[in-house]
Amino acid sequence: MDANALQQLLSTRVLLKGDLSGANLAGQDLSDCRLEDCDLSAADLTGASLQGAHWLRCNSRGARLDGLSAKGAEFNGVDFTGASATKADFAMSFFQACDFSSADFSGASLVRADCTECRFAATNLQNADLTRCSVRATDLKTVLFANNRMEMTYLANSDLSGQRFPGCD
């Protein structure tokens, strides 16, 4: 982690090509921040606020995103592989070409979120609220679904082979 990068993000809310790997950002207000080509692998953003944030091509592999609020945020080309985002709030967020492989989004809110061309290999979405969530052109064969709220969820051009959706409504 680069301490200068952290200071720049906190003071300007913009960070380009910064190294925040392993950074402790728990509880920080990072609303409306813009990050491009940044490394946030293994960073702790537990309980942070990312409302209205814009992340482009960031590495968030293994990051702790539990309980964060990212309402209305935009994530494009972000790698969430192995990240933990339990009970996080991503309502009305936009995800384009993101990788959620082996990530834990159990209990997360994706109400009215839009996920397009994302990768969800072995992603845990159990107990997640997917009400009015739009998922397009995505392979969902190995996603762990159970006890989800899925009222008016839109799953277009997505592969749901073998899915049973136990306990979902």
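Biologist: Is K17 buried or exposed, and at what relative accessibility?

Modeller: This is a predicted model, and in it K17 has its place in the loop between β1 (14–16) and β2 (34–36). A residue counts as exposed when its relative accessible area is over 50%. K17 therefore counts as exposed, at a relative accessibility of 68%.

Biologist: What is the phi of K17?

Modeller: Most residues other than glycine have a negative phi. K17 is a residue other than glycine, yet its phi is positive. The value of phi for K17 is near 55 degrees.

Biologist: Where is A122 found, and what is its relative accessibility?

Modeller: A122 also has a positive phi, near 55 degrees, in a residue other than glycine. A122 is found in the loop between β6 and β7.

Biologist: Is T123 buried or exposed, and which residues does T123 touch?

Modeller: T123 is found in the loop between β6 (114–116) and β7 (134–136). Buried means under 20% relative accessible area, and T123, at 0%, is therefore buried. Leaving out residues up to four places away in sequence, T123 touches F100, S101, S102, A103, T142, V143 and L144.

Biologist: How many aromatic pairs does a search of the whole structure find?

Modeller: A pair of aromatic rings is described by the distance of the centres and the angle of the planes. A search of the whole structure gives a total of 13 aromatic pairs.

Biologist: Which parts of the chain are tied together by the pair of F80 and F95?

Modeller: The rings of F80 and F95 form an edge-to-face pair, 6.3 Å centre to centre with 70 degrees between the planes. F80 lies in the loop between β4 (74–76) and β5 (94–96), and F95 in strand β5. Both residues, F80 and F95, are buried. The pair therefore ties together a loop and a strand at positions 15 residues apart in sequence.

Biologist: What is the centre to centre distance in the pair of F95 and F100?

Modeller: F95 and F100 are both buried. Their aromatic pair is edge-to-face, with 70 degrees between the planes. The distance, centre to centre, is 5.4 Å.

Biologist: Which residues form one aromatic cluster?

Modeller: F80 and F95 form an aromatic pair, and F95 and F100 form an aromatic pair as well. These residues belong to one aromatic cluster, formed by W55, F75, F80, F90, F95, F100, F105 and F120.

Biologist: What pattern does the chain follow along the sequence, and what is its radius of gyration?

Modeller: The chain has one helix and eight strands, and along the sequence these follow the pattern α-β-β-β-β-β-β-β-β. For 169 residues the globule rule gives 15 Å, and the chain comes close to that value, so it is as compact as a globular protein of that length. The radius of gyration is 15 Å.

Biologist: What share of the contacts with a separation of 6 or more joins residues 24 or more positions apart?

Modeller: Of the 169 residues, 50% count as buried. Among contacts in the chain with a separation of 6 or more, the share from residues 24 or more positions apart is 1%.

Biologist: How far apart are the mean positions of the positive and negative charges of the chain?

Modeller: The accessible surface of the chain is about 7,500 Å², and carbon and sulfur atoms hold 46% of it. The chain carries 15 positive and 21 negative charges.

Definitions and conventions
Residues numbered from 1 in each chain as written. Predicted model: local features only at pLDDT ≥ 70, side-chain atom pairs only at ≥ 80, totals over all residues. Heavy atoms only, no water. Helix = DSSP H or I, 4+ residues; strand = E, 2+ residues; numbered from the N terminus. Rg over C-alpha atoms; globule rule 2.2 N^0.38 Å. Buried < 20%, exposed > 50% of the residue type's maximum accessible area, 1.4 Å probe, protein only. Contact = heavy atoms within 4.5 Å. Areas by Shrake-Rupley, 256 points an atom, 1.4 Å probe, with all protein chains shown as cover. Lys, Arg positive; Asp, Glu negative; His and termini not counted. Charge placed at Lys NZ, Arg CZ, Asp CG, Glu CD. Phe/Tyr/Trp six-rings, centres within 6.5 Å; stacked < 30°, edge-to-face > 60°.
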